[in-house]
Structure formats: structure tokens, C-alpha cells
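Notebook open, structure loaded. I'll jot down what I look up as I go.

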Amino acid sequence: MCGIVGYTGNRKAGPVLIEGLKKLEYRGYDSAGVALHDNGRLIVTKAAGSVAELEKSLNEHHKEVTAGIGHTRWATHGPPTDLNAHPHSSASGEIVVVHNGIIENYRTLRKRLTEEAGFKFKSETDSEVLAHLIEYCYEGDLLAAVRRAMSEIEGSYALVAASSREPDRLVCARKDSPLIIGYGEGENYVASDIPALLAHTRRTCVMDDGEFAVLTPEKIEIYNKDGQMLDKDILEITWNLEAAEKGGYDHFMLKEIMEQPAAVRETLRQRIKRDSGLVELGELDLTTEQILKLDQIYIIACGTAYHAGLIGKMAIEKLAGIPVEVDVASEFRYRDPLLEPNQLAIVISQSGETADTLAGLRMAHTKGLKVLAITNVVGSTVSREADRVMYTWAGPEIAVASTKAYVTQLVALYLVAIYLGQTRGTLEPEKAGALVDGLLALPEQLTQVLSEDNIATIRAYCEHLSRWDNAFFIGRNLDYPVAMEGALKLKEISYIHAEACAAGELKHGPLALVEEGMPVIALATQEAILDKTLSNIQVVNARGGAVFAVTREDFEDVSWQVESIFSLPVVCDTLAPVLGVVPTQLIAYYAAVARGCSVDKPRNLAKSVTVE
Ligand code: M6R
């Protein structure tokens with residue numbers, strides 16, 4: 001959720017921290033701050049607003065010092081104000097902390113520290129208690145104080161602390177929130193995500209839960225929860241900083257939409273056997289016997305990943321004949337699902353850090369289920385806690401609105417469905433072959449979908465749509481979850497209220513809202529039920545709705561029945577969502593641009609949602 005950067009070395013820390021924070025603004029962007037070691041003092045500068053605002057208020061002199069910590073915040077406890085921004089200082093100002101996560105017992109600790117030590121709190125945040133608690137535990141060794149303090153904490157944290165009495169030394173702790181160490185020469189780094197490190201080093205180490213790290217310019221020491229020093233593996237990052245930047249597009253979201261052909265190619269790479277054309281998923285690591293015994297799958301995810309799960313359900317049930325339930329992760333834990341050890345849980349998460357999804361994963365584990373994670377982020381918590389991991393390999397997704405992660409999640413789910421169907425014998429070889437051919441054709445077809453002409457069609461419709469405050473997305477069968485995803489995307493970034501409706505349900509209530517000119521985006525890609533969808537479109541037409549149909553180029557009947565049309569290349573019903581979702585992403589994007597919205601960082605939202 002929030003972004004953290006720490007630096008200790010021989011260069012000016014201020015610019016290193018500011019540049020690192022800018023790379024992390026997608027994690028939180030409502031306030032920012034830095035604390036710099038300066039001749040035995042810790043100087044804190046923080047401000048509501050963007051990192052650029054913080055940069056302006058940073059004193060020139062303080063930019064010269066060579067160690068410090070920085071933070072960019074996404075508010076949870078208390079509004080985005082200067083006081084609530086991190087770093088937080090202890091009562092004496094000798095300890096500063098930056099924190100990502102939630103301190104669940106902060107009220108109890110705050111009361112105790114106020115009563116026992118007379119500490120005065122300045123902010124409304126849960127995080128401030130960490131600075132006071134560390135000071136309360138401090139007896140000349142910051143590592144020991146952080147360890148003692150963390151033993152009293154309930155909740156989640158990625159934390160970096162500094163003491164004015166220990167210049168050049170940073171102490172880090174992690175539980176349920178990511179923290180990555182970067183190795184330099186005569187300088188070292190810590191950050192909550194890799195983009196903040198890439199300008200300086202590719203040699204990294206992902207901290208695990210319960211670990212502590214001590215950074216000085218010369219060395220990095222990592223300890224487990226029992227205080228034993230660890231010899232951890234170094235993870236060499238192979239992707240470029242450029243890959244995490246906009247690459248000429250106005251927004252990350254558009255860049256990421258345009259990257260979808262390449263992203264899908266990466267998801268498919270090495271997962272289809274060249275000789276037989278069969279799907280090969282070594283990463284599933286399930287024996288044929290285990291696959292044959294599978295009698296129930298649970299898919300657990302949030303938001304866009306949940307919408308991918310709904311399509312995964314239909315594909316797995318159809319191709320592999322295994323019943324699948326799909327749960328919004330925040331509901332899964334509280335509904336007492338009937339979990340048995342011979343079932344499989346699939347958790348889907350782009351970031352691999354979503355707190356609700358992680359909680360679902362852990363609950364499935366406690367009931368003895370094997371968990372397969374479909375995620376985009378190597379080394380993420382989900383990837384490390386799951387029994388098996390299938391990476392989507394979409395590359396970093398920076399825009400809060402998820403696009404390429406979604407289509408690659410779909411492709412990963414199709415691969416799972418085909419693989420299970422092949423192994424269980426429920427999918428005939430010819431059908432499996434046709435689906436594999438269909439998957440392999442998707443990158444090229446996505447490129448066609450993203451043509452300039454098609455984008456012009458979308459932009460023209462968005463001139464109309466962007467003037468409305470309400471819209472419907474309708475679809476049947478596999479088009480319905482795509483409609484749900486389209487509606488989520490539109491409301492998320494353009495702030496137009498959008499509702500997805502199973503096309504056949506319109507007449508049972510929602511149709512009352514349709515009036516002259518109301519935008520209705522109709523997904524009509526499913527050949528098997530095209531006539532039914534067309535009837536539903538007619539019903540909207542009859543009430544004057546402005547229908548924008550997303551359909552296949554060979555469905556000629558659709559064009560004369562709607563106001564605007566977006567034609568997809570010919571694709572089978574099962575795989576159509578991969579193409580069908582793209583115009584809905586573009587609709588959201590261009591409507592948001594037309595309304596002057598902050599496309600990549602929509603209000604109130606964050607990329608990585610690490611609170612429940
Ligand atoms: O990182 P995750 O895939 O676990 O994130 C889940 C949702 O928070 C995410 O998909 C969210 O709905 C997107 N911002 C939608 O575009």
C-alpha cells in the first residue's frame with residue numbers, strides 16, 4: 001500500500017530517496033516524507049500531497065547527508081495530512097520510523113505508552129506508536145529495540161527505523177508486508193518494491209516474515225526471528241527500469257493495455273509442448289492421480305482478479321468437469337466454506353500482496369488444501385506462501401487499474417483448465433488442440449484489436465459516454481464477467497457509475513434506469529447465445545439507450561441493431577473474453593481522459609491493497 005525507501009552510503013541520500021519514492025508513488029500517493037541523518041540529529045520533512053511537493057520543501061542543506069528513510073503514504077488511519085505523513089518520530093525525536101501495514105493493537109499500546117512513559121502522540125495514525133515503542137525499548141542498540149518492540153505488535157508491518165545515536169545504520173523488520181534489500185558497493189538500500197532500487201542495483205534479497213535486517217554502508221546483516229544471522233540468496237533482477245516506466249505513452253494504463261499482446265505471449269511461453277501441442281504445466285506439480293481425485297476447486301481473489309476467476313470457473317468446469325466455486329477473498333473467510341484436504345484452492349493476485357487474498361490462502365492451508373497461486377510478482381508473499389506458483393509474466397503493472405495482469409490471468413486459467421481437462425480425459429485431443437491454437441493466435445489478434453481505427457471508434461463513443469454519470473455493461477454467459485470487469489474499470493478511473501447486468505436480467509429491474517441516450521455497452525461475443533443477447537439489445541434500443549456493441553466481425557446481424565460497434569477478430573466462445581475485455585479497458589481509459597481524471601492514480605485507491 002505505502003511505499004518505503006531507505007538508503008545508507010556515501011552519496012547524497014535526499015535525491016536517492018526522492019527518486020526512489022517517485023518510482024513507488026503507485027503504492028500510495030496522498031502524502032510523503034523523509035528523515036535524514038544529520039550530525040547526530042534526524043531531520044524530518046513531510047508534506048501532504050505528492051512526492052514532487054515534498055521535493056520542493058526539502059531543505060538544500062539536508063539533501064547533502066548520506067543516510068535516511070522515506071515514505072509515500074496511502075491513508076488508512078487518519079486523513080492525508082502533514083502530521084499523519086511518515087516518517088514518524090519518537091517523543092525525543094531520536095527514533096524515526098516508516099511503516100507499511102496495520103498495527104492492530106495500536107490503541108492499547110498508545111494508552112500504555114501515554115500512561116507509563118508520558119509520551120505525547122502527534123498523529124492519528126497507528127504507525128506512530130512504533131516510533132514511541134522502539135524508543136521505550138531502546139537501550140543503546142536499535143536492532144535490539146526493534147526486536148523487542150515488534151514482539152509486542154499485533155498486525156502487519158514492513159518497517160525501517162533509524163536512531164540519531166546510530167548514524168548510517170538502518171534497521172528493518174517485516175511481517176506480512178513486502179520489504180526488499182538492495183546490495184550496492186559501499187552503499188545499501190531497502191525498499192518496499194523493486195522499481196525503487198533498479199536505478200542503483202539489481203542485486204536484491206526479499207525479506208521473509210519475521211526477519212530483521214541491519215544496513216550500514218559496508219554491510220547487510222539479516223536475522224531470523226530467533227536472532228540467528230542468515231545467509232540469504234541474492235535475487236538478480238533481470239527486467240529493466242524502462243519496463244517500469246511509461247515508454248512514451250501518456251499514462252501507464254495505456255502503455256500496459258498496449259503491452260497485452262507481448263504479455264500474453266510471455267504467459268504462454270514454454271507452457272505448450274512444441275511436439276505434441278499439449279499444455280505442459282510442470283509448475284502445478286500434481287500427479288495424474290491427484291488430478292483425477294480433484295472433486296472441487298475454490299478460486300479466491302479480489303477485484304479484477306476475482307473477475308478473472310469467474311471466467312476461470314466456467315473454463316475449468318467446461319473443459320475439466322471439476323466443480324469450481326469463486327469467492328471474493330474478503331467474503332471467503334467469513335462464510336465457512338466446506339473445505340476438504342482433497343480440494344484445490346487457486347488464489348489469483350497480480351501484486352501477490354493483497355491482504356484479503358492472503359488471508360484466504362492461509363485459511364485454505366489451515367484446512368489442508370493445496371494452494372496454487374496465479375500471480376505476477378516474483379517473490380511476493382502469495383508466491384512464497386502458496387504450494388505452487390504459476391507466474392503470469394506480464395511485467396510490472398504500475399497503473400492502479402489492472403489491465404495486462406487481467407488478460408494474462410485469463411490465459412493462465414485457460415492453461416490450467418486445458419491441462420486439467422487433458423489429464424482427466426474430459427477434453428478430447430482435437431478440442432484441446434483447437435483451444436491451444438486459439439491461445440497461440442491471441443497475441444496477434446490482440447494487436448489487431450488495438451489498431452488505430454479501433455481506438456478511433458472508442459474515442460468517438462467516449463465523447464458521448466463521458467458526458468453521462470451512469471452506464472450499463474451487459475452480457476450473457478462468458479460475456480457477463482467481462483461486463484463486470486468493464487464496469488469496474490469504468491467506475492474506477494472515470495468515476496462514472498457503471499453497473500454490470502446479466503443481459504437477460506435487465507428486464508427484471510435494471511431496465512427501469514434506461515432512458516434516451518443512456519450508454520449501454522453490450523458484450524455480444526458468444527456465438528452459442530447470440531440471438532438471446534441480440535434480443536436483450538433490442539429491448540435497450542427500444543428505450544433509446546445508446547448501445548455500443550463489442551462483437552465478432554463475422555456476426556453481421558449485430559451491426560444494424562446498434563449505435564456503435566467494435567468488431568473483434570473471429571475467436572471461439574471460450575477464449576473470447578481475452579479479446580472482448582480490451583475495448584472495455586479502452587472505453588474506461590478514454591472516458592477518464594475526456595473527464596480529466598487522474599488515470600493512473602484514481603482517487604481513494606491504491607495498487608497494492610495490503611489491508612483487510
Ligand atoms: O493485486 P491483486 O490482483 O490481488 O489486486 C486485487 C484488486 O485490488 C485489483 O484487481 C483491483 O480491483 C484493480 N485496481 C482493478 O483495476
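For polar contacts I take a pair of N or O atoms within 3.5 Å; within protein, one must be able to donate a hydrogen and the other to accept it, and residues adjacent in sequence count only if both atoms are side-chain atoms. This is a predicted model, so to speak of local features I need pLDDT of at least 70, and side-chain atom pairs count only at pLDDT 80 or more, while totals for chains, interfaces and linings use all residues. Residues are numbered from 1 along each chain as its sequence is written, and side-chain values use heavy atoms, with hydrogens and water left out.

**Entry: arginine 169**

I found arginine 169 in the loop between β7 (157-163) and β8 (170-175); strands here are DSSP E runs of at least two residues and helices are H or I runs of at least four, numbered from the N terminus. Its side chain makes a polar contact of 2.3 Å with the side chain of glutamate 166. The side chain of arginine 169 also has a polar contact, at 3.2 Å, with that of aspartate 141. I then listed contacts (heavy atoms within 4.5 Å). Leaving aside neighbours within four places in sequence, arginine 169 touches His37, Leu142 and Val214, among others.

**Entry: the sheet**

I traced an open sheet of eight strands, in the order β3-β2-β4-β1-β10-β9-β11-β14, with antiparallel pairing; two strands pair if DSSP finds at least two bridges between them. β3 (41-48) and β14 (235-236) are at the edges with a single partner strand each, so one side of each has no neighbour in the sheet. I checked β2 (residues 31-38) against β3 and got antiparallel pairing over eight bridges. Valine 34 is bridged to threonine 45 in β3, and aspartate 38 to arginine 41. The two strands form a hairpin with two residues between them, and asparagine 39 in the turn has a positive phi of about 45°.

**Entry: α7 and α13**

How do the axes of α7 and α13 cross? The axes of α7 (residues 260-268) and α13 (residues 404-424) come within 9 Å and cross at roughly 30°, with lines fitted to C-alpha atoms over the stretch in contact and angles running from 0 to 180 degrees between N-to-C directions. That makes α7 roughly parallel to α13, a word I keep for angles under 35 degrees. On the α7 side I noted Gln260 and Leu268 among the residues that meet α13, whose own set includes Lys404 and Leu415.

Methods. Parallel < 35°, antiparallel > 145°, perpendicular 65-115°, else oblique.
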